[in-house]
Amino acid sequence: MGADGGRRGKMTGHAPPLVAHLIYALSTGGLENGLVNIINRTPPGRYRHVIICITTADEFAERITAKDVRVIQMRKPPGQSPGFYLRLWRLLRELRPEIIHSRNLAALEAQLAGLGCPGVRRVHGEHGREINDLDGRNWKYLALRRVMRLFIHRYIAVSRDLQQWLLDVVGVAPGSLQQIYNGVDFDRFSPGSVKPLALLPPHWQGLDDMLLAGTVGRLTPVKDQQLLLRAIAELRKTRPDVFRRVRVVLVGDGPLRQALADTVRDLDLGQQVWLAGDRDDVPELLAAMDLFVLPSLAEGISNTVLEAMACGLPVIATAVGGNVELVEEGFNGRLVPVGDARALALALGQLLQDESERRRLGNNARQRVLERFEWGRCVDAYLAVYDGLLQPEARRLGNSARTGKAG
């Protein structure tokens, strides 16, 4: 992929409004998956889209099926780079978007480059916090966010937890903030009638009584897949009958892959754990699982939890962020404290030994996503934000909401 990403559409004439999506990178991740789904599901002719990557994009960009979507890689070097902001300013002046939509902290700062674009409306989305700022109270980051309140016309939070944080801690005005959940592709993610066990490692396929637990996500510190490994090792001591049967698949790649492989070796879990890497067959792997685990240190709204629920899986998740909005204790899964390997092992042991309970929780999980997390509803909500910002009356109200003045 070149510096421009290769997809170009007509940018002249009476074209639909252009939304410039400003993100750190376009690669495997929940934020990126949500962005691509919104673009792909936007009705043709409603809006045009360009994705500006502060750093780079990879093959994940090939998931964009909408026509004439540009993917532009800015390749910003690490650290401070005044030249990057100049290049971004020039790019935005050339593109002349009606809306600039940034997502998460790195892209929020880059919104500064768009301040010289006349008439542009600015949207910022919060999808989750960083590993070095799990509670969202880092004073440097808060200072930046509070300054940027002066320039952002609409905020979008993907969870009620992030919404409340933006209100209480960052100080965003209620009139400029909306909470919108992500959706789920029910065609791709649904319960399978037969478990596709042929996808699993050959030495697992002959295990008639195997119980498969799994997680999906980038191998990064905030996802804390180490906790799941420690919990499986704990089962060896507390529930040897379950440990003998359980197998664990970690789907995803990232900077902690080698550290996780080392933990597997150190805990002597080589027979129990499969580091599957990035996969194109996630729906099939979910269909092979008996339960799903999300051991994160922090979370916005996890797409993988929603996808697991759509597949009819019970979920064990840490009780942080948006997880508690998706997983209800005893209804569709279990909630455990962050970093508590014993609590996670206890929940795993209880659910893995009880097939009828897994089935009940999984059925409830599927029903909940069908009722609340449909992509059409999500896309309509995003487009309504864009539509509102481009209406003259909405512009006046948006300005008064940000300044706290009456209309």
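Residues are numbered from 1 along each chain as its sequence is written, and side-chain values use heavy atoms, with hydrogens and water left out. Because the model is predicted, local features need pLDDT of at least 70 and side-chain atom pairs count only at pLDDT 80 or more, whereas totals for chains, interfaces and linings use all residues.

Helices (H or I, at least four residues) and strands (E, at least two) are DSSP runs, numbered from the N terminus, and two strands pair if DSSP finds at least two bridges between them. On these terms, seven strands form an open sheet with parallel pairing, in the order β3-β2-β1-β4-β5-β6-β7. The edges are held by β3 (70–73) and β7 (177–179), each of which has a single partner strand, so one side of each is left without a neighbour in the sheet. The twist from one strand to the next averages 20 degrees.

Within this sheet, strand β1 (residues 18–23) pairs with two strands. Six bridges join β1 to β2 in parallel, and Val 19 has His 49 of β2 as its bridge partner. With strand β4 (residues 99–103), β1 forms four bridges, also in the parallel sense; here His 21 is partnered by His 101.

Strand β2 illustrates how a strand may be covered on both faces. Buried is taken as under 20% relative accessible area, exposed as over 50%, and partly exposed as in between, with a 1.4 Å probe and protein chains only. Six of the six residues of β2 are buried, so this strand is largely enclosed by the rest of the structure. In a regular strand the side chains alternate between the two faces of the sheet. In β2, Arg 48, Val 50 and Ile 52 point one way, while His 49, Ile 51 and Cys 53 point the other way. Helix α2 (residues 82–95) lies across β1, β2 (48–53), β3 and β4, and runs at about 170 degrees to β2. Such angles run from 0 to 180 degrees between N-to-C directions, with axes fitted as lines to C-alpha atoms, for helices over the stretch in contact; contact itself means heavy atoms within 4.5 Å. In the loop between β3 and α2 is Arg 75, whose phi is near 55 degrees, a positive value in a residue other than glycine. Arg 75 is partly exposed, at a relative accessible area of 44%.

A further open sheet has six strands in the order β10-β9-β8-β11-β12-β13, again with parallel pairing. Its edge strands are β10 (273–277) and β13 (333–336); each has a single partner strand, so one side of each is left without a neighbour in the sheet. Neighbouring strands here are turned by 20 degrees against each other on average, direction ignored. Helix α12 (residues 341–352) packs on this sheet, touching β8, β9, β11, β12 (315–318) and β13, and its direction makes about 165 degrees with that of β13. Helix α8 (residues 257–266) lies across β9 and β10 and runs at about 165 degrees to β10.

In this sheet, six of the six residues of strand β8 (residues 211–216) are buried, so β8 is largely enclosed by the rest of the structure. Leu 211, Ala 213 and Thr 215 point one way, and Leu 212, Gly 214 and Val 216 the other. Six bridges join β8 to the parallel strand β9 (residues 246–251), with Leu 211 opposite Val 246. Two bridges join β8 to strand β11 (residues 291–294), also parallel, where Ala 213 stands opposite Leu 291.

Two loop residues follow strands of this sheet. Asp 224 lies between β8 and α6 (225–238); its phi is near 50 degrees, a positive value in a residue other than glycine. Asp 224 is buried, with a relative accessible area of 11%. Asp 278, in the loop between β10 and α9 (282–288), is partly exposed at 47%. Leaving aside neighbours within four places in sequence, Asp 278 is in contact with Thr 28, Gly 252 and Asp 253.
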